[in-house]
Amino acid sequence: MNATHFKWLGYTEGMSFLLLLLIAMPLKYLAGMPLAVSIVGAAHGFLFVAYVAAAVYMAWRFNWGFKVLVLAVMASVIPFGPFLLEKRVLPSTEKTSN
């Protein structure tokens with residue numbers, strides 16, 4: 001995995017979280033359609049685990065340090081977190097991945 005793959009995984013995980021919060025959960029609680037949460041929630045759960053595992057790998061590969069790893073994991077549970085992390089952490093990582 002390189003910085004570009006991690007960035008796209010972060011985008012995908014972030015979008016799945018936003019879909020879960022902004023579309024699937026309102027469909028469940030306001031429209032009585034719990035299937036949306038089941039589908040989007042399962043996809044988001046898989047992407048969340050993949051993102052955290054990738055963050056651990058990237059921290060090891062690029063010597064991020066514990067603070068950056070904690071920020072990456074925290075970004076995965078905050079709406080828009082992976083997008084903000086990518087703007088602050090990955091530019092320096094991409095320079096060292098080539």
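**Before you click**

This is a predicted model, where local features need pLDDT of at least 70, side-chain atom pairs count only at pLDDT 80 or more, and totals for chains, interfaces and linings use all residues. Residues are numbered from 1 along each chain as its sequence is written, and side-chain values use heavy atoms, with hydrogens and water left out.

**Stop 1: the whole chain**

Switch to cartoon and colour by secondary structure. Helices here are DSSP runs of H or I with at least four residues, strands are runs of E with at least two, and both are numbered from the N terminus.

Now put a surface on. The accessible surface of the chain is about 6000 Å², and 73% of that belongs to carbon and sulfur atoms; the areas come from the Shrake-Rupley method with a 1.4 Å probe, and for residues only the protein chains shown count as cover. Of the 98 residues, 36% count as buried. Buried means under 20% relative accessible area, exposed means over 50%, and partly exposed is in between (1.4 Å probe, protein chains only).

Contact means heavy atoms within 4.5 Å.

**Stop 2: α1 against α2**

Select residues 3-31, which is helix α1, and residues 35-62, which is helix α2. The axes of α1 and α2 come within 9 Å and cross at roughly 155 degrees. That makes α1 roughly antiparallel to α2. Axes are lines fitted to C-alpha atoms, for helices over the stretch in contact, and angles run from 0 to 180 degrees between N-to-C directions. On that scale, under 35 degrees counts as roughly parallel, over 145 as roughly antiparallel, 65 to 115 as roughly perpendicular and the rest as oblique.

The crossing of α1 and α2 is left-handed; a crossing gets that label if the near helix is turned anticlockwise from the far one by less than a right angle, and right-handed if clockwise. Sorted by class, the contact of α1 with α2 has 19 nonpolar, five polar and two charged residues. Nonpolar covers Ala, Val, Leu, Ile, Met, Phe, Trp, Tyr, Cys and Pro, charged covers Asp, Glu, Lys and Arg, and the others, Gly among them, are polar.

While you're here, click His5 in α1. His5 is partly exposed, at 47% relative accessible area. Draw a distance from its C-alpha atom to that of Ala54, 49 residues apart along the chain, and you get 9.3 Å.

**Stop 3: α2 against α3**

The crossing of α2 and α3 is right-handed.

Show side chains for Tyr51, Val52, Ala55, Val56 and Ala59 in α2, which meet Leu69, Ala72, Val73 and Ala75 in α3. This contact has nine nonpolar, no polar and no charged residues.

Zoom in on Ala55. Ala55 is buried, at 0% relative accessibility, and touches Phe6, Trp64, Leu69 and Ala72, not counting residues up to four places away in sequence. Then move along α2 to Ala59, which is buried at 11%. Leaving aside neighbours within four places in sequence, Ala59 is in contact with Trp64 and Leu69.

**Stop 4: α3 against α4**

Select residues 81-88 for helix α4, which packs with α3 at about 150 degrees, with the axes 8 Å apart. α3 and α4 are therefore roughly antiparallel. Leu71, Ala72 and Ala75 of α3 and Gly81, Pro82 and Leu85 of α4 make the contact, which divides into five nonpolar, one polar and no charged residues.

**Last stop: two loops**

Asn63 is exposed, at 67%. In the loop between α3 and α4, pick Phe80, whose phi is near 70 degrees, also positive. Phe80 counts as partly exposed, at 47%. Most residues other than glycine have a negative phi.
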